[in-house]
Amino acid sequence: MMKTIYLLNGPNLNLLGKRQPKIYGRETLEDVLRDCTALGQGLGLAVEGFQSNHEGAIIDKIHEAREKAAGIVINPGAFTHTSVAILDALNAFDGPVIEVHISNVHKRESFRHHSYVSLRAEGVIAGLGTEGYQAAIRRLATLLA
Ligand code: CA2
């Protein structure tokens, strides 16, 4: 049976491809999920996507992952820089976690330079655009092999 990985996206990422293309590109979240699902299939991984603008909903999904997912790719959006609660939820998950940022957060405002989630993540990808999600899935496939 194929292992399942969760592809989690935080606040405002539902607007991907619809606003600020210079920073976040032209691909929509649906495009990202379609590409990642196809990639995952080739690697023997079922990809389940989830996006929420609500911190608690993301935490609930991470709790669900404890039973249902072998690994997590997460772009926590702005919660990256604020949420000890998401870090705590990820710390209660046993599998590998890869953190993704579409933009190069280190080239941006200093408040984006710190990530709580990086304290937990096996790897962090930033500035590769939406291709970063695919790089994260490839890495999870290696870690889960
Ligand atoms: O670069 C990233 O992926 C971020 O996680 C995106 C967050 C930002 O707060 C982080 O510092 C870095 C913001 C997501 C906003 O997404 C939008 C996408 C399209 C249009 C408007 C917002």
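How far from an oxygen atom of the ligand does a polar side-chain atom of Ser 103 lie? In this predicted model, the separation between that polar side-chain atom of Ser 103 and the ligand oxygen is 2.5 Å.

## The ligand and its surroundings

In the side chain of Asn 75, an N or O atom is placed 2.8 Å from a ligand oxygen, and in the side chain of His 101 an N or O atom is found 2.9 Å from an oxygen atom of the ligand. On its own the ligand has 500 Å² of accessible area, and the protein covers 95% of this.

There are 17 residues around the ligand, and those that come nearest are Asn 75, His 81, Ile 102, Ser 103 and Arg 112. Sorted by class, this shell consists of 8 nonpolar, 7 polar and 2 charged residues. The space that the ligand takes up is the largest pocket of the model.

Strand β1 spans residues 3-9, and Asn 9 belongs to it. With a relative accessible area of 4%, Asn 9 is classed as buried because the value falls under 20%. The side chain of Asn 9 is joined to that of Tyr 133 by a polar contact of 2.6 Å.

The loop between β1 and α1 holds Asn 12, and Gln 20 is also placed in the loop between β1 and α1. Asn 12 has a positive phi, near 75 degrees, although the residue is not a glycine, and for Gln 20, likewise a residue other than glycine, phi is positive and near 45 degrees. As for accessibility, Asn 12 has a relative accessible area of 52% and is therefore exposed, the cut-off being over 50%, whereas Gln 20 reaches 48% and so counts as partly exposed, a class that lies between 20% and 50%.

Helix α1 is formed by residues 21-24 and includes Lys 22. Lys 22 is exposed, its relative accessible area being 86%. Between Lys 22 and Leu 7 there are 15 residues of separation in sequence, and the distance in space, taken from C-alpha to C-alpha, is 23 Å.

Helix α2 covers residues 29-43, and Gly 40 is found within it. Gly 40 has a relative accessibility of 0% and therefore counts as buried, since this is under 20%. Along the chain Gly 40 and Leu 140 are 100 residues apart, while their C-alpha atoms are separated by 9.8 Å.

## Arg 120, between β4 and β5

Arg 120 is located in the loop that runs between β4 (97-101) and β5 (123-126).

Two polar contacts can be described for the side chain of Arg 120. In one of them, a polar atom of the Arg 120 side chain lies 3.0 Å from the backbone oxygen of Phe 93, and in the other, the side chain of Arg 120 contacts the side chain of Glu 122 at 3.2 Å.

The relative accessibility of Gly 127 is 39%, so the residue counts as partly exposed, lying between the limits of 20% and 50%. Gly 127 and Thr 28 are 99 residues apart in sequence, and the distance between their C-alpha atoms is 17 Å.

Conventions. Residues numbered from 1 in each chain as written. Predicted model: local features only at pLDDT ≥ 70, side-chain atom pairs only at ≥ 80, totals over all residues. Heavy atoms only, no water. Near = heavy atom within 4 Å. Polar contact = N/O pair within 3.5 Å; in protein donor to acceptor, adjacent residues only side chain to side chain. Areas by Shrake-Rupley, 256 points an atom, 1.4 Å probe, with all protein chains shown as cover. 1 Å grid on protein atoms, 1.4 Å probe; cavity = no way out; pocket = protein on both sides within 12 Å on 5 of 7 lines; lining within 4 Å. Sits in = over half its atoms within 2 Å of the grid points. Nonpolar A, V, L, I, M, F, W, Y, C, P; charged D, E, K, R; others polar. Helix = DSSP H or I, 4+ residues; strand = E, 2+ residues; numbered from the N terminus. Buried < 20%, exposed > 50% of the residue type's maximum accessible area, 1.4 Å probe, protein only.
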